[in-house]
Amino acid sequence: MSPRTFACIFSAWCACLVTEGLSQAADTVVLEADTVSTPRVRPPRDTTEGRFIPTGVRFGADLIAIGKSRFNDEFTGWEIAADIDFYRYFLVVEYGKWATNYPLRNGDYSSDGTYFRIGVDVNFLFRDPEKNMFFLGGRFGRSSYSDEAAYVHHTTEFLDNNFYVQNPDVVATWVELTTGLKVKIWKFFWLGATARFKFGLDLDGNGLLRSYDVPGFGRNIGSTYWGFNYYVLVRIPFKAEPK
Amino acid sequence: MPGGGPFAKRGANLRKISLDGSRWAAGQKLYLRTKNSELRLAGLIFLMIVASSCFDEGDCLVTNSNLIRVSLLNFSDKKPAKILFTSVSIQGETLLYPPNTELTTLVLPVDPGRTEMEYVLEYQGKSDTIRFSYDNFSFVLSPTCGAFPYQQNLVVAETTFGEDKVVITDKSLLRNVAENVRLYF
């Protein structure tokens with residue numbers, strides 16, 4: 001099975017997991033509504049006292065990055081993430097390391113760097129007692145990396161040319177729109193899936209080599225790119241929560 | 001289970017669905033709000049994004065060309081000119097065209113291993129040179145397509161034609177560029 005086929009199957013599998021989660025998240029909300037035997041008493045809406053006080057922090061790691069590092073010879077990396085709640089808004093920080101080494105038809109390309117993303121997610125299931133999340137959000141991403149390519153180019157008019165080009169110090173910035181789920185699995189353990197639509201890539205330090213792979217962003221083959229993360233998380237509440 | 005009163009009315013806006021799984025009590029009915037169609041729409045958009053992952057490789061659309069395309073024009077009326085060249089050659093190297101060839105356009109190859117190329121044009125008993133300089137940018141199209149040098153920022157470094165006789169019209173050497181230079185006689 002080629003890596004590309006594996007990637008497609010894996011993506012579809014992850015999509016099934018997430019859509020299953022979407023359904024369950026929606027069902028959970030409705031179940032709560034139907035099992036109430038008396039008309040619901042809404043909480044008073046004339047106060048925001050205490051609403052924006054964080055109730056816990058989550059830390060996690062990206063399983064896809066770990067899996068790709070293990071099974072894909074072209075990628076080595078990891079990503080960790082943390083978020084903290086302010087009512088229905090979550091401040092999210094993600095940090096990772098990303099290195100690639102692609103064998104080309106006529107040479108090799110490699111990149112190596114670190115990146116971070118910071119942003120806010122808005123939870124649309126904020127009344128869920130389990131604190132499950134379906135969210136939309138945004139991120140600002142920044143990456144510092146180096147990359148290089150060594151290849152042979154053939155022309156009919158001249159002798160073959162051997163090229164070695166590198167960008168020793170590149171800074172990339174971009175913006176993301178995100179959506180996904182974070183679902184409580186057991187006690188402190190959570191699973192989360194985040195899909196990313198990335199755009200607005202700006203490269204500072206690209207010289208005679210146009211970067212093909214930007215750590216944290218992905219392939220620089222167009223004006224936009226997509227991304228997907230599947231996190232396992234641990235939530236640490238700031239105080240004991242009612243069961 | 002929805003009973004009377006407000007729940008009976010609310011049930012009209014609900015659609016019954018079935019769920020498998022041991023966590024749900026047997027016989028318990030579950031309902032999904034039709035207003036949650038936003039969730040389903042979000043799921044659909046998400047699936048489309050994920051599905052696009054299968055097409056991120058793209059095709060091997062190689063657009064680079066190491067050829068400078070020169071149009072020959074009359075200086076007086078700016079119309080295309082047909083010039084009989086005794087020889088067209090790279091300085092100190094091979095002839096690019098057979099001797100005594102009549103041409104309306106020239107195609108001058110550049111060496112991606114260099115950043116400057118000089119050409120000697122002999123015509124009508126005269127001999128003129130043009131030296132072009134350019135930058136080689138490397139692009140990786142994909143692992144299967146490979147990497148390619150693209151020549152950009154083409155400029156006339158030196159010429160005996162006269163500065164107003166050589167005009168750069170496109171600084172990038174690409175396959176879909178019909179003309180890079182206008183050369184007036």
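A single disulfide, defined as a pair of cysteine sulfur atoms within 2.5 Å, is present over all chains of this predicted model. A disulfide is a covalent bond between the sulfur atoms of two cysteines. Here the bond joins B:C60 to B:C145, with an S to S distance of 1.8 Å. The link of B:C60 and B:C145 is left-handed, with -95° about the S-S bond. B:C60 lies in the loop between α2 (37–51) and β3 of chain B, and B:C145 in the loop between β8 (126–142) and β9 (146–159) of chain B, so the pair ties together parts that are 85 residues apart in sequence. Helices (H or I, at least four residues) and strands (E, at least two) are DSSP runs, numbered from the N terminus.

The relative accessible area of B:C60 is 43%, which makes the residue partly exposed, whereas B:C145 is buried at 3%. Buried means under 20% relative accessible area, exposed over 50%, and partly exposed in between (1.4 Å probe, protein chains only).

Chain B also contains an open sheet of four strands in the order β6-β3-β11-β10, with mixed pairing; two strands pair if DSSP finds at least two bridges between them. Strands β6 (105–109) and β10 (166–168) of chain B stand at the edges with a single partner strand each, so one side of each has no neighbour in the sheet. Strands β3 (residues 67–73) and β11 (residues 181–184) of chain B run parallel and are joined by four bridges. B:L72 stands opposite B:L183 in β11(B).

Residues are numbered from 1 along each chain as its sequence is written, and chains are lettered from A in the order in which they are written. Local features of this predicted model need pLDDT of at least 70, and side-chain atom pairs count only at pLDDT 80 or more, while side-chain values use heavy atoms, without hydrogens and water.
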